[in-house]
Amino acid sequence: MMMFQMRWRTILSQQCVLLVTCLLINLEAVPIDIDKTKVQGEPHVEGAKIETPDTGLYYDEYLKQVIDVLETDKHFREKLQTADIEEIKSGKLSKELDLVSHHVRTRLDELKRQEVARLRMLIKAKMDSFQDTGIDHQALLKQFEHLNHQNPDTFESKDLDMLIKAATSDLENYDKTRHDEFKKYEMMKEHERREYLKTLNEEKRREEESKYEEMKKKHGDHPKVNHPGSKDQLKEVWEESDGLDPNDFNPKTFFKLHDVNNDGFLDEQELEALFTKELEKVYDPKNEEDDMVEMEEERLRMREHVMNEIDVNKDRLVTLHEFLKATEKKEFLEPDSWETLDQQQVFTEEELKEFETHILQQENELLKKAEDLQQQKEELQRQHDQLQAQKQELQQLGNTKSEMHKTILQVISLYRQGTYQFKKQPPEVIMFKFTLNHLCLNFIPATRFFSNSSNRFRKRVF
């Protein structure tokens with residue numbers, strides 16, 4: 001389902017803001033529901049690396065390959081450790097590319113040539129598929145925003161800068177896109193519900209409305225949801241997920257416990273894992289009234305809220321310092337109540353009407369296309385019928401010619417045998433007259449064939 005897929009796309013958003021800061025992440029993750037105290041003794045393998053999740057970007061593979069190659073250069077790796085987010089976003093870090101080894105530059109050049117070739121192939125395929133309907137060339141050019149296509153052969157500092165900015169922009173817009181998609185999903189559900197009610201009689205409609213209200217009430221009847229990121233919410237995780245005494249709650253220990261890959265940050269995935277217990281209070285996949293798409297939207301809303309409150313430098317990563325500073329705020333100890341999705345209005349009636357108008361326009365366009373296709377089908381069927389009729393006529397003509405050919409051969413055979421019994425047998429004579437006259441009238445070549453003997457033959461017969 002789309003919302004579930006979108007969740008995984010957010011996992012790597014911090015990579016695209018920092019691009020290659022994820023190169024420093026090289027410990028295997030520990031599932032959130034496993035007691036970390038039991039796995040802390042496992043040895044760390046130097047250079048071990050987690051498989052990079054899919055960002056959902058159309059140039060995801062290219063991004064990963066560039067990261068892997070840059071990781072091999074010691075100088076660039078050291079600069080990363082001291083660079084801050086502004087240096088990376090401003091392009092200052094990209095200039096360090098001029099100092100990497102020749103082997104790294106050669107490999108990056110090769111990656112860029114492969115990426116340019118891939119994009120050219122995709123663009124050509126798109127142009128071929130839209131040759132009859134037209135294509136947006138400006139949209140095609142945007143396919144090259146993550147690299148400098150004017151220099152397709154070498155990977156320069158401008159390419160790294162463009163890759164960082166493109167990936168950062170794409171994933172920063174992800175949350176807005178996700179909100180828009182969810183709103184469309186909810187409006188479509190309501191639209192379909194109302195359309196279904198129109199098909200029912202008055203009694204059935206009242207029953208459906210009553211059932212709908214009952215399900216809404218049942219869904220809203222759930223335990224109180226703690227404010228995401230508050231002390232009460234984190235203590236609940238500490239007690240129920242981690243199995244620790246709530247009286248011993250310690251923010252620093254909590255941070256280290258849930259920094260599952262020990263990279264010194266709480267990333268978006270690690271934060272979202274903290275909200276599972278709260279979501280289970282509201283959503284159960286076994287319940288008809290609970291929508292799992294809404295559950296994932298609620299999870300992402302919680303993550304987005306906590307990030308906005310804690311992530312001071314907006315790098316989509318929460319450091320230990322940021323986390324501890326947040327626990328000192330009044331909102332951490334005395335938070336406001338958290339409004340879940342069922343307590344909010346996702347869309348207005350005006351937005352729904354506009355959405356339905358758009359759907360109606362799309363339906364009319366599809367109907368018009370369907371009518372055009374039906375007319376084309378009928379025209380093709382008419383042409384097919386005409387061709388079939390012509391084919392049958394030709395077949396009948398061929399059969400007639402074949403029969404006439406046989407008759408001619410029979411006449412020639414009788415004539416050569418000198419048969420004079422036609423005069424004695426009136427039925428055969430009549431038939432022969434008819435056949436011969438028919439041949440003379442309709443098959444001129446046949447009469448010409450008999451031109452030298454036809455007069456004498458006709459005199460003898462008639």
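Predicted model: local features only at pLDDT ≥ 70, side-chain atom pairs only at ≥ 80, totals over all residues.
User: How many Å does helix H3 reach from its first C-alpha to its last?

Analyst: Helix H3 covers residues 60-71, which is 12 residues. At 1.5 Å a residue, a span of 16 Å is expected. The helix comes close to that, with a reach of 17 Å.

User: Which residues of H3 are buried?

Analyst: Here a residue counts as buried when its relative accessible area is under 20%. In H3 the buried residues are Asp 60, Tyr 62, Leu 63, Lys 64, Val 66, Ile 67, Val 69 and Leu 70.

User: Are H9 and H10 roughly parallel or roughly antiparallel to each other?

Analyst: Good one to work through! Helix H9 (residues 174-198) packs with helix H10 (residues 202-220) at an angle of about 150°, and their axes are 9 Å apart. Angles over 145 degrees count as roughly antiparallel. H9 and H10 are therefore roughly antiparallel.

User: How many charged residues does the contact of H9 with H10 have?

Analyst: From H9 come Glu 190, Arg 193, Tyr 196, Leu 197 and Lys 198, and they meet Arg 205, Glu 208, Glu 209 and Tyr 212 in H10. By class, this contact of H9 with H10 has 3 nonpolar residues, no polar ones, and charged residues numbering 6.

User: Is Gln 233 buried or exposed?

Analyst: Gln 233 sits in helix H11 (residues 231-241). Beyond its neighbours within four places in sequence, Gln 233 is in contact with Asn 226, His 227, Pro 228, Leu 274, Phe 275 and Glu 278. Its relative accessibility is 0%, so Gln 233 counts as buried.

Conventions: Residues numbered from 1 in each chain as written. Heavy atoms only, no water. Axes fitted to C-alpha atoms, helices over the stretch in contact; angles between N-to-C directions. Helix = DSSP H or I, 4+ residues; strand = E, 2+ residues; numbered from the N terminus. Parallel < 35°, antiparallel > 145°, perpendicular 65-115°, else oblique. Contact = heavy atoms within 4.5 Å. Nonpolar A, V, L, I, M, F, W, Y, C, P; charged D, E, K, R; others polar. Expected span 1.5 Å × (residues − 1). Buried < 20%, exposed > 50% of the residue type's maximum accessible area, 1.4 Å probe, protein only.
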